[in-house]
Amino acid sequence: MMKNIGNVRWLIAISTLLMSITMVAAYADDDEDEGGNRSMGYERHSSRSGAGEDEGNGGKGRSSMVSNAKWKEECGSCHLAYPPRYLSADSWRAVMSGLDKHFGSNATLDPEVATEIGNFLEQNASKKQQRSTNGIEPPLRISDTKWFKSEHREVSSSIWKNPKVKSPSNCGACHTKADSGSFSEHDVRMPR
Amino acid sequence: MFRITSVSAFLLVAGLSIQSAYAETPNGVLAALQSEAAKSAPGFQGFSAARGEQFFKQKHGNEWSCSSCHTDNPAATGKHAKTDKPIDPMAPSVNAERFTNPKKIDKWFKRNCNDVLDRACTPQEKGDVLSYLLNVR
């Protein structure tokens with residue numbers, strides 16, 4: 001009988017160990033994904049012809065495709081999960097502190113989730129101070145930054161008015177790989 | 001030896017299912033709403049899919065109804081009224097993920113009811129809507 005109890009304790013110890021191994025494996029997977037994205041982003045970024053365009057927004061070596069599961073899920077359920085590098089940290093702080101009235105929608109998050117996403121955004125934000133075109137600082141919309149206006153200066157007004165575009169926030173209307181974080185000129189297809 | 005492996009396999013499986021706890025079924029969610037409604041409204045007389053459909057398709061003083069984003073046909077893919085982003089169908093009969101995650105359900109009822117009604121939805125309203133969605137084939 002004593003021996004049996006000893007056995008059971010031992011089994012519990014082993015199973016607990018096994019469980020924690022499965023959990024660790026899941027986390028390790030996440031990390032690898034991120035690493036994979038990182039190097040992919042770097043390659044695409046540095047090999048494209050228009051290299052340097054994004055430099056003001058974080059610099060060349062920084063990833064185009066840093067990722068975070070909560071950011072992707074929460075920010076990405078109503079719109080594209082906008083890459084953190086297109087706004088500076090003060091803008092992201094302002095966005096995150098007004099989620100109860102997020103451009104007309106309630107987008108409130110659990111406090112822990114909000115903290116995680118806020119940290120991710122700030123850590124990967126544009127290092128350069130992004131200025132707004134309408135005098136409201138810091139800009140809350142990427143499309144209100146001087147950088148955005150300048151990048152899109154050659155886009156004609158008929159394209160902006162195309163119902164398939166609808167709004168300058170609709171990156172995916174022209175940037176066919178926006179969803180995976182790539183805004184390379186090679187992937188731009190204007191809608192007709 | 002056989003006992004050792006079978007017992008540890010059992011514990012392992014038990015442990016894994018604890019990790020993925022909180023999975024629910026739409027009918028389980030409905031039952032929970034039912035007891036909530038019975039507690040909070042003294043004259044509670046059960047849910048109505050017809051009332052839920054009306055609630056879902058009507059505006060409630062604001063710009064949007066539920067169907068502005070989820071469409072009039074909950075078996076179809078919806079489209080976000082502001083951003084045009086596609087939204088997977090709401091009817092559990094065509095989208096098995098719907099109403100299986102209580103945290104997600106609470107989060108979206110809170111947000112969407114706020115946008116559509118400027119207030120939280122009551123357990124009665126939530127249960128009516130879910131009854132309607134469960135009826136859609």
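The points below go from conventions and chains to helices, cysteines and backbone details.

1. Conventions. This is a predicted model, in which local features need pLDDT of at least 70 and side-chain atom pairs count only at pLDDT 80 or more, while totals for chains, interfaces and linings use all residues. Residues are numbered from 1 along each chain as its sequence is written, chains are lettered from A and ligands numbered from 1 in the order in which they are written, and side-chain values use heavy atoms, with hydrogens and water left out.

2. Chain A. Of its 192 residues, 38% count as buried; buried means under 20% relative accessible area, exposed over 50%, and partly exposed in between, with a 1.4 Å probe and protein chains only. A contact means heavy atoms within 4.5 Å. Among the contacts of chain A between residues at least 6 apart in sequence, 57% join residues at least 24 apart.

3. Chain B. This chain has 6 helices and 2 strands, and its pattern along the sequence reads α-α-α-α-β-β-α-α. Chain B contains 137 residues, of which 39% count as buried. For contacts with a separation of 6 or more, residues 24 or more positions apart account for 55% in chain B.

4. Helix α2 of chain B. Which residues of α2(B) are buried? They are P26(B), V29(B), L30(B), L33(B) and A37(B). Seen down the axis of α2(B), these buried residues fall within an arc of 100°, so they line one face of the helix; the arc is that of the directions from the helix axis to the C-beta atoms. An α-helix has 3.6 residues a turn, so residues three or four places apart point the same way. The buried residues of α2(B) pack against α5 (102-117) and α6 (123-135) of chain B, whereas the face turned away from the buried side carries the exposed residues N27(B) and K39(B). The helix itself covers residues 26-40, 15 residues in total, and spans 21 Å from its first C-alpha to its last, close to the 21 Å expected. The expected span is 1.5 Å times one less than the number of residues.

5. A helix crossing in chain B. The axes of α3(B) (residues 49-57) and α6(B) come within 7 Å and cross at roughly 100°. That makes α3(B) roughly perpendicular to α6(B), a label given to angles of 65 to 115 degrees. Axes are lines fitted to C-alpha atoms, for helices over the stretch in contact, with angles running from 0 to 180 degrees between N-to-C directions. The residues that meet include F55(B) and F56(B) in α3(B), and V129(B), Y132(B) and L133(B) in α6(B).

6. Cysteines. How many disulfides does a search of the whole structure find? It finds 1 over all chains, taking a disulfide as a pair of cysteine sulfur atoms within 2.5 Å. C113(B) and C121(B) form it, with their sulfur atoms 2.0 Å apart. The torsion about their S-S bond is about -95°, so the disulfide is left-handed. C113(B) is buried at 5% relative accessibility, and C121(B) is buried at 9%. C78(A), by contrast, is in no disulfide, and the nearest cysteine sulfur, that of C69(B), is 7.5 Å away. C78(A) is partly exposed at 22%. The sulfur of C66(B) is 6.6 Å from the closest cysteine sulfur, in C113(B), too far for a bond; C66(B) is buried at 17%.

7. Backbone details. Most residues other than glycine have a negative phi, and most peptide bonds are trans. Please look at the cis peptide bond joining E137(A) and P138(A), with omega about -10°; P138(A) lies in the loop between α4 (111-123) and α5 (146-151) of chain A. K166(A), which is not a glycine, has a positive phi of about 70°; K166(A) sits in the segment after α6 of chain A and is partly exposed at 41%. F99(B) has a phi near 55°. This residue is found in the loop between β2 (86-87) and α5 of chain B and counts as buried at 8% relative accessibility.

8. A buried histidine. H175(A) is buried, with a relative accessible area of 16%, and is placed in the segment after α6 (157-161) of chain A. Not counting residues up to four places away in sequence, H175(A) touches H152(A), F183(A), D187(A) and V188(A).

Conventions
Helices (H or I, at least four residues) and strands (E, at least two) are DSSP runs, numbered from the N terminus. Angles under 35 degrees count as roughly parallel, over 145 as roughly antiparallel, 65 to 115 as roughly perpendicular and the rest as oblique.
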